[in-house]
Amino acid sequence: MTELLALTLALPLLAGALFIVATASTRAALFGFFAFGLFLALAWVALDAVDVALTEAAIGGGATGLLLLRLNGRMRHPVSLGEPAGPRLKIAAGLLAALVTLALGALLLALPEPAPSLAAATVEPLPALGIGNPVTAVLIAYRALDTLLEIVVLLIAVVGLRALGTDRGWGGRPVPWPEGEPSPALVFLARLLIPAGLVFAVYLFWVGADAPGGKFQASTLVAALWLLAIMAGLAPAPCSGGRWTGRALAIGPLAFIVAGTIGIAAAGSFLAWPEPVAKPMIIAVELALAVSIVVALVLLVAGPPERETGR
Amino acid sequence: MSTTLFGLTGAALVGIGLFGLIVHPTALRKLLAFNLVGAGVFLVFGVLARRAAAAGLAGDPVPQAIVITGIVVAFAATALAATLLARLSGPEEEP
Amino acid sequence: MIADLLTIVLVSAGAVFFLAGTVGLLRFPDPLSRLHALTKADSLGLGLIALGLVPQAGSVWMALKLLLVWLLVLAGSTAAGQMLARLHRAEAADD
């Protein structure tokens, strides 16, 4: 039975990937990517990784797809990085791809049994942190440095985005989209979804301590709602040079570093959570991180500033 | 068995994405193919996590958390590449 | 027993609507009639499946969540269908 379920998910994944690579129309490939992202999220559910499924549906499929779709609409001509591939290159690329796939597949079939696992080591200290969801615990406690650096990567991407804007638009707002009057149906949908979505985002944030969910998924949802509001003309895009934008971007990493430094004094090492106040500290840091992630995601999808502001 | 099937799917996704990355001349299609490679690698990670189910959990949470971090980092890289492309495709004014 | 029977009947009916909608999407000649086929499948088919799963939900909250999912998808697909039809009309007017 589970084999049948896996097959009904694996086949559309493969077909979708082939379609994305093979289709002649870039727009069709982009819409194929949305569908592919949804099937991939379902595959993650089938693999019992609901946290990853939520992240994949929100960021991997949704935000990336939206970003590339907007890019496709903005580009005045396709950027070509070389000549179209000839038959010889195609054969060589096909052979290389087949070789990599076969090697990876052989590796997967030859994995040791039973598989080494850190699951037991992850579960054991959970009560001390006051967290019930082991994935959240790994993200914020055992591998907190990864999460800190991940926020820094997002910030670096935002800095790169600002640097790549036009001179005239420095510190301004991204170009609005779509140009012209938004569809009334979109405005209606935005008015309906935004309040409901915000409630759901708060729920996702809070439930992440004990069940699938957490700050990433909640922040992506808020960012998606903000983008929906921008598209429906209900809210302005953030001003990349604005005072509040900068503060919102900085508060997450700053709170994380301050909390980590407190850890040196109170618990003996950087990013160690002092046991009696672990839970409130984690929630405070996650809230600050969520603010930064929301603003960074909206800026990254909305694109570089091109319009001057009356700042 | 079904877990292995997903693993092999992930391996195939890496291959398909790699092929597209090499063969497509336009940058946007290369970016899409690059994301397919990423999806395949993450799926292989997910299979490793699922195989390592222990201690009453359905999967090893450490690879799962690393995949979440990876998805966000891949998004950041894609966004930066997209910005570069938007700028390359048509400067509105003198650089 | 009766609950299981209800689930089987409703989910099967929903699946039939999805099948009909997909056939329509593939067979109908122009975008507007394809949208017509698709939106019926989406709203009614998903509604029947959600209703069919309610007896299996186990708790009132779970059942309410299922119905909420249906309502949200209903709003989303209706708006998307309307926007696609509008886009089609605008493009047809341009030609």
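Biologist: How many helices and strands does chain B have in this predicted model?

Modeller: Chain B has 3 helices and 0 strands. Read along its sequence, the pattern is α-α-α.

Biologist: What makes a residue of chain B count as buried, and what percentage of the chain is that?

Modeller: A residue is buried if 20 or more other C-beta atoms lie within 10 Å of its own. By that cut-off, buried residues make up 69% of the 95 residues in chain B. As for sequence separation, take the contacts in chain B with a separation of 6 or more: residues 24 or more positions apart account for 50% of them.

Biologist: Let's turn to the helix pairs. Why are α1(A) and α1(B) called roughly parallel?

Modeller: Helix α1 (residues 2-22) of chain A and helix α1 (residues 2-23) of chain B pack at an angle of about 0 degrees. Angles under 35 degrees count as roughly parallel, and therefore α1(A) and α1(B) are roughly parallel to each other. Their axes are 10 Å apart. Among the residues making this contact are L5(A), L13(A), L14(A) and V21(A) of α1(A), with L5(B), F6(B), I16(B) and F19(B) of α1(B). By class, the residues of this contact divide into 15 nonpolar, 5 polar and 1 charged.

Biologist: And how do you know whether α1(A) and α2(A) are roughly parallel or roughly antiparallel?

Modeller: α1(A) and α2(A) pack at an angle of about 155 degrees, with their axes 9 Å apart. An angle over 145 counts as roughly antiparallel, and therefore α1(A) and α2(A) are roughly antiparallel to each other. The crossing of these two helices is left-handed. On the α1(A) side, the contact includes L9(A), P12(A), F19(A) and I20(A), while F33(A), F36(A), F39(A) and L42(A) are among the residues from α2(A). The contact of α1(A) with α2(A) has 17 nonpolar, 2 polar and no charged residues.

Biologist: What makes two residues of chains A and B count as a contact, and how many residues does each chain supply?

Modeller: Two residues are in contact if their C-beta atoms, placed from the backbone, lie within 7 Å. With that cut-off, 87 residues come from chain A and 73 residues from chain B. On the chain A side, α3(A) gives the most, with 13 residues. That side has 56 nonpolar, 18 polar and 13 charged residues. Among the 2 pairs of chains that touch, chains A and B have the most contacts.

Biologist: Finally, which domains does chain A have, and how many residues of each meet?

Modeller: The domain assignment gives domain 1 (1-75) and domain 2 (122-311). Their C-alpha centres lie 23 Å apart. The contact takes 12 residues from domain 1 and 14 residues from domain 2. The domain 1 side divides into 7 nonpolar, 2 polar and 3 charged residues.

Methods
Residues numbered from 1 in each chain as written. Chains lettered and ligands numbered in written order. Predicted model: local features only at pLDDT ≥ 70, side-chain atom pairs only at ≥ 80, totals over all residues. Axes fitted to C-alpha atoms, helices over the stretch in contact; angles between N-to-C directions. Helix = DSSP H or I, 4+ residues; strand = E, 2+ residues; numbered from the N terminus. Parallel < 35°, antiparallel > 145°, perpendicular 65-115°, else oblique. Nonpolar A, V, L, I, M, F, W, Y, C, P; charged D, E, K, R; others polar. Buried ≥ 20, exposed ≤ 12 C-beta atoms within 10 Å, placed from the backbone. Left-handed = near helix turned anticlockwise from the far one by under 90°. Domains from an automatic or database assignment.
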